[in-house]
Amino acid sequence: MSSLQFDIAHLLAGSLVLASFMMLYQDRLYALLNVYVLHAGVLALSVGWQAYVQQAPHLYITALIALVFKAIIIPVALHRIIKRLGIHREIENVIGIGLTMMAGIGLVALSMVVMLRVTPGADALAREDLAFALSVVLLGLLIMVTRRNAVSQVVGFMSLENGLVLAATGAKGMPLVVEISVAFSVLIAFIVIGIFLFRIRERFDSVDVQALDRFRGERR
Amino acid sequence: MIAVALWSVAALLALAPAGIVLSTRPRGSIILYGGCLIATSTLCVTALSGLLFFPHLAPSATLPIGLPWLGAHFRLDALSAFFLVVVNLGGTAASLFALGYFRHEDSPGRVLPFYPAYLAAMNVVVLANDAFSFLVAWEFMSLTSWAMVVSHHREAENVRAGYIYLLMASFGTLALLLAFGLLASGAGYDFDAIRASHPSAALSGVVVILVLLGAGSKAGLVPLHAWLPLAHPAAPSHVSALMSGVMTKVAVYGFVRIVFDLVPEPVWWWSMMVLLVGGPTATLGVLYALMQRDIKRVLAYSTIENIGIIFTGLGLALAFKAEGLDWVAALAFTAAMLHVFNHALFKSLLFFGAGAVLGATGERDMEKLGGLIHRMPKTAFAMLVGCVAISALPPFNGFVSEWLTFQAILLSPQLPSWGLKLVIPAVGGLLALAAAFAAACFVKLYGISFLGRPRSDVAASAHETDRFSLTAMFALAAFCLIAGILPGLFIDALAPVSKDMVGNIMPHQVGLQWLTIVPIAESRSSYNGLLVFLFAALCGTTAATAIHRLASDRLRRAPAWDCGYPDADPAIQYSASSFSQPIRRVFGSVIFGAREIGEMPPPSSPLPARLQVELHDLIWDGLYAPIAKAIGFATDRINILQFFSIRRYLTLVFVALVVLLLVVAL
């Protein structure tokens, strides 16, 4: 692999981490969703580049799935959900942005240390790729943990899944079946969560998960 | 041969679902117990022929069930054959007894599906030749017996018994699971593979401790016995007989199979452990038994005593085997096995008798019985045989096995290790004490329940039990006598078992003059049950004849000496508590924390005088109650985890992940 190809792969994976960071400090739902579109688009580019570099045509299909499902269909659907729920004006931040960003930086550092220590024998691209992918996964989890709104938790979950796809394409030879099944599971999870959102909304007039806690008689 | 055995077990398993259908039919119980009778007697005959005629054949079979890469292995060597005989002799007797007894039970249908499954499970434990089948059958045995313990679940006491039983059974299975896990670490779960592997001494030691916990909790070793006196009496009587007489023996089998067969050469401190548990178990078990008023509970505690005797024998066998004196080890091992057989006989007999009394009077409390020898003479006779046998009086079988155990104890000075030299005589002292208490205990049980005058109306109007129950009891009583007067036959039959397990056998007994048994050498000790029996029978007959012929043979009924109080009330007879009062006063304050509170009103007061006795189970208070309290405290604290919000659960997952990654990174 030439140094330019490696650099571009590196750049795209790094951009994905950057997009994750951008998602971390969005406090409006539409903005979060738009950054997620960017996230998915960068993922599609990154996977496409891997397909080109590895000369693996089936990865093009993966890239296409990422582009169509994650960058178009799901965000559009979420847009409509937000509009129908009427929560597009809501602002949420659970922990201060500064603290969240610090935690995110810590997580990226952690995943670098872990991956570089665990995979000394693997080839350079896979190592870097896995380190970035783990950062994306951890940042996705961080988004889920720090958000209160169910829609933004869904978005966090899907960015987490993007990290998994990145990891899978970085390692050579993952069969297409796995990716298709992962994509479908995400789709189904999305549908299920969407239905649940409306059910929660019907019952509690809110998709703030705190309403569930109040319903269970919890103190915070 | 093993095919016959496995087909019989399959028949028992097939009877279990049939029991669900049969439980609603009027004659269902008869069909089911009849089927169990046929299947268990087939198994018994098969195993007996295997033990007597082909002891070194050890046929094995593998069935394609269970774990896919392992299958289910079965093997019928001498040890399995012997325990199959014990299990199925008990099973046959219990099925025969149940044919008549089920009429006295309310809702007998509840037991029907579980009874054959329970019998099948015990058989599979004994036949299994790999750890997986063994454990599955072991757990199945626990669960089916649990279902029968709670068959009368309307009584709160039974539910509590079932709960504690379930907890202890799980604990025991866990210990066995860990033991097999350690054993299988180098070999796999097949017993043949485990036998061929050579685990290190430290690992074997841990395995022995775990097995002592696992099998010991099932057998009822102190202090793991707490469930036994609760669960055994709670079940219907024929099931109590199986649980006490047979299931505890299956636990002994598990111990012997692992410690004598699967684990390599023993080390002396293993035997020290077993002895230090066995001796106190015997004494404490019988002391507890003496304090009870409930017939079935007395019998259950007495089971603990006998398990203590058996484990003492096994501990002696381990000690002598570890020190290379394998001819004494053979003696101790044979004594233990003989006691396994004997205890299965007389404990089943006694539980049947208790069941007959329960069926006739509806009472288990001795203080409400009395005088049953006149109303149930045949049951009373069979019970008398059982009581004499379990009290280890010659010429019955209990004496032989306990005597052989003492013969082994008397050889302990030959051991080189000083620790064992000091411990074994002390354990022997405990056993002697236990034997004396056992006699007192059964004098009390028999005397209070069957002799004297009825203490309640139900006892006064009791009727003799049915023919099936009587047949079962008399068959077992006959076996007790035969095993007592012809012990040589039984010792010789056990030779292949002892050869397999400890590597040596006792001297050949059949063919000695007058059917004497000589455990070591004629110059040292010998016992002749037949002569004792003939002497006792002759003396008794002569004395009876002489008295009746030479004096008066007229039956004369006259008022008993009444201390000057005419019209004596049955309540002024010796009661169960008053009979055991001297022993309670001597031992009770230390072992039971007993306190007697006497309230004597002033001379002119019309209030009655009262004597209150408080007994505490120190083992329960000191061991089980703190554990239960600690678990309760911990679960109260952990309970918070159940009421987190989704986000907090996510945070927990997240933090756990980050911590694990940190562990990897640093």
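Modeller: Helices α8(B) and α10(B) run roughly antiparallel to each other. This is a predicted model, in which local features need pLDDT of at least 70, side-chain atom pairs count only at pLDDT 80 or more, and totals for chains, interfaces and linings use all residues. Residues are numbered from 1 along each chain as its sequence is written, while chains are lettered from A and ligands numbered from 1 in the order in which they are written.

Colleague: What makes α8(B) and α10(B) roughly antiparallel?

Modeller: Helix α8 (residues 201-219) and helix α10 (residues 237-262) of chain B pack at about 170°, their axes 8 Å apart. Roughly antiparallel means over 145 degrees, with angles running from 0 to 180 degrees between N-to-C directions and axes fitted to C-alpha atoms over the stretch in contact. So the label holds for α8(B) and α10(B).

Colleague: Which residues of α8(B) and α10(B) make the contact?

Modeller: On α8(B), they include Val207(B), Val211(B) and Ala215(B). On α10(B), they include Ala251(B), Gly254(B) and Phe255(B). Contact requires C-beta atoms, placed from the backbone, within 7 Å.

Colleague: How do you know that α16(B) is roughly antiparallel to α17(B)?

Modeller: Helix α16 (residues 397-410) and helix α17 (residues 418-450) of chain B pack at an angle of about 160°, with axes 10 Å apart. That angle makes α16(B) roughly antiparallel to α17(B). The crossing of α16(B) past α17(B) is left-handed, the term for a near helix turned anticlockwise from the far one by less than a right angle. Glu402(B), Thr405(B), Phe406(B) and Ile409(B) of α16(B) meet Ile424(B), Gly428(B), Leu431(B) and Ala435(B) of α17(B).

Colleague: Why does Gly588(B) count as buried?

Modeller: Gly588(B) has 23 C-beta neighbours inside 10 Å. Buried means 20 or more within 10 Å, exposed 12 or fewer, partly exposed in between. Gly588(B) is therefore buried. Gly588(B) sits in helix α24 (residues 581-591) of chain B. Beyond four places in sequence, Gly588(B) touches Ala594(B) and Leu615(B). Gly588(B) and Leu615(B) are 27 residues apart along the chain, and their C-alpha atoms are 7.9 Å apart.

Colleague: And why is Leu512(B) called partly exposed?

Modeller: The count for Leu512(B) is 15 inside 10 Å, so it is partly exposed. Leu512(B) lies in the loop between α21 (495-502) and α22 (529-550) of chain B. Leaving out residues up to four places away, Leu512(B) touches Gly488(B) and Val518(B).

Colleague: How many helices and strands does chain A have?

Modeller: Chain A has 8 helices and 0 strands. Both are DSSP runs numbered from the N terminus: H or I of at least four residues for helices, E of at least two for strands. Of the 220 residues in chain A, 39% are buried.

Colleague: What does UniProt list for chain A?

Modeller: Its unreviewed entry lists "transmembrane region" at several spans, among them residues 6-25 and 32-52 of chain A. Such annotations may be inferred rather than shown by experiment. Residues 6-25 of chain A are 95% helix, with end C-alpha atoms 30 Å apart. Residues 32-52 of chain A are 100% helix.

How values were computed
Parallel < 35°, antiparallel > 145°, perpendicular 65-115°, else oblique. Contact = placed C-beta atoms within 7 Å.
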